Amino acid sequence: NTVWMSWNIYPFKDAGGVLTYQSVGRVITEHKVAEEALRESEQRFRDLADKAPVGIYILEGTTAVYVNQCFAEMHGYTTEELIGKDRLRELTHPDDWMKAEERIRRRKSGGPGYRERLSFRGITKSGNTICVEGHSAVTTYKGRPATIGIGIDVTEQKKIEEELEHYRNQLERLVREKTAQLNDANEELRQDIVRRKQIESELEVKSTNLQEANVALKVLLRQGEDYKEELEEKVYSNVKELVMRHIHLLRNTHLDSDQKVLIDIIETNPV
């Protein structure tokens, strides 16, 4: 079997000035196997991260020791412009930098295994603002403390959400306005119904009063007719009595024969 050896060679001079060497060797096969496994693991990570559709980064403090292509393009840079550079502040919106510093302090105090969700505004190389969401975790990278994280550009999604929120607010406002108008219309209709019932009640009372007035008027008319007939009879009787009284007086006066005949006719046929 093939093994890996590590040799340390030490030069010596004996009493006669002859230069000799002492070599010490040790088997490092397991160490080499572990290094190869680590190298292969790192390569698989890079292959996966480089092809990932989300931004992936590894930070030591605020210095990027690794960023994938997606993360660099998301901010308008090349990977070479970011790896090995301390540009975290440049990539963060000024209004969100205090929050970023707070996150850095939490990671330091949290230690390996600490995780958190991210939501912040970033700045691109051209100065545009982008909205980023993702996750980060504290780990070790090549034996040193580091932060590994992923980020997704959700700027368009945020714009859509803001537009939806705007339309939702407009819709809610329209619903409130229409509801208020409907309530006003219902109240007006209710008042109209109340007024109509009041009018119907008043008309019913007036109709009853008119019917009673018609009955009373008929009674009065009938009484008037009876009174008229009674009055006519009284007038006729009074006139007849008055006429007959004067006829009797005329008979006692000096009348000729013709006049007496007329008096007889009147007394015989009183009207």
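Mentor: A crossing is called left-handed if the near helix is turned anticlockwise from the far one by less than a right angle, and right-handed if clockwise. The model is predicted, so local features need pLDDT of at least 70 and side-chain atom pairs count only at pLDDT 80 or more, while totals for chains, interfaces and linings use all residues. Residues are numbered from 1 along each chain as its sequence is written, and side-chain values use heavy atoms, with hydrogens and water left out.

Take the helix pair to begin with. Helix 6 spans residues 155-251 and helix 7 spans residues 257-268; helices (H or I, at least four residues) and strands (E, at least two) are DSSP runs, numbered from the N terminus. The axes of helix 6 and helix 7 are 11 Å apart, at an angle of about 150° (lines fitted to C-alpha atoms, for helices over the stretch in contact, with angles from 0 to 180 degrees between N-to-C directions). The two helices are therefore roughly antiparallel (over 145 degrees; under 35 is roughly parallel, 65 to 115 roughly perpendicular, the rest oblique). Helix 6 passes helix 7 in a left-handed crossing. On the helix 6 side, Met244, Ile247, His248, Leu250 and Arg251 make the contact (heavy atoms within 4.5 Å). Their partners in helix 7 are Ile263, Asp264, Ile266 and Glu267. By class, five of the residues in this contact are nonpolar, one is polar and three are charged (nonpolar: Ala, Val, Leu, Ile, Met, Phe, Trp, Tyr, Cys and Pro; charged: Asp, Glu, Lys and Arg; polar: the others, Gly among them).

Strand 7 covers residues 144-153 and holds Thr147. Thr147 is buried, because its relative accessible area is 8% (buried is under 20%, exposed over 50%, partly exposed in between; 1.4 Å probe, protein chains only). Beyond four places in sequence, Thr147 touches Tyr57, Ile58, Leu59, Arg107, Ser136 and Ala137. Gly151 is also in strand 7, and at 3% relative accessibility it counts as buried. Leaving aside neighbours within four places, the contacts of Gly151 are Val54, Gly55, Met74, Val132, Glu133 and Gly134. Of these, Val132 is 19 residues from Gly151 along the chain, with the C-alpha atoms 6.0 Å apart.

Lys142 sits in the loop between strand 6 and strand 7. With a relative accessible area of 55%, Lys142 is exposed. Most residues other than glycine have a negative phi. The phi of Lys142, however, is positive, near 55°.

Asn128 lies between strand 5 (115-123) and strand 6 (129-141), and its 46% relative accessibility makes it partly exposed. A polar contact of 3.2 Å joins the side chains of Asn128 and Ser126 (N or O atoms within 3.5 Å; within protein, one able to donate a hydrogen and the other to accept it, residues adjacent in sequence counting only if both atoms are side-chain atoms). Asn128 also touches Gly122 and Ile123, not counting residues up to four places away. From Asn128 to Glu73 is 55 residues in sequence and 13 Å in space, C-alpha to C-alpha. Asn68 lies between strand 4 (63-67) and helix 2 (69-74). At 0% relative accessibility, Asn68 is buried, and its side chain reaches the backbone nitrogen of Ile56 at 3.0 Å.
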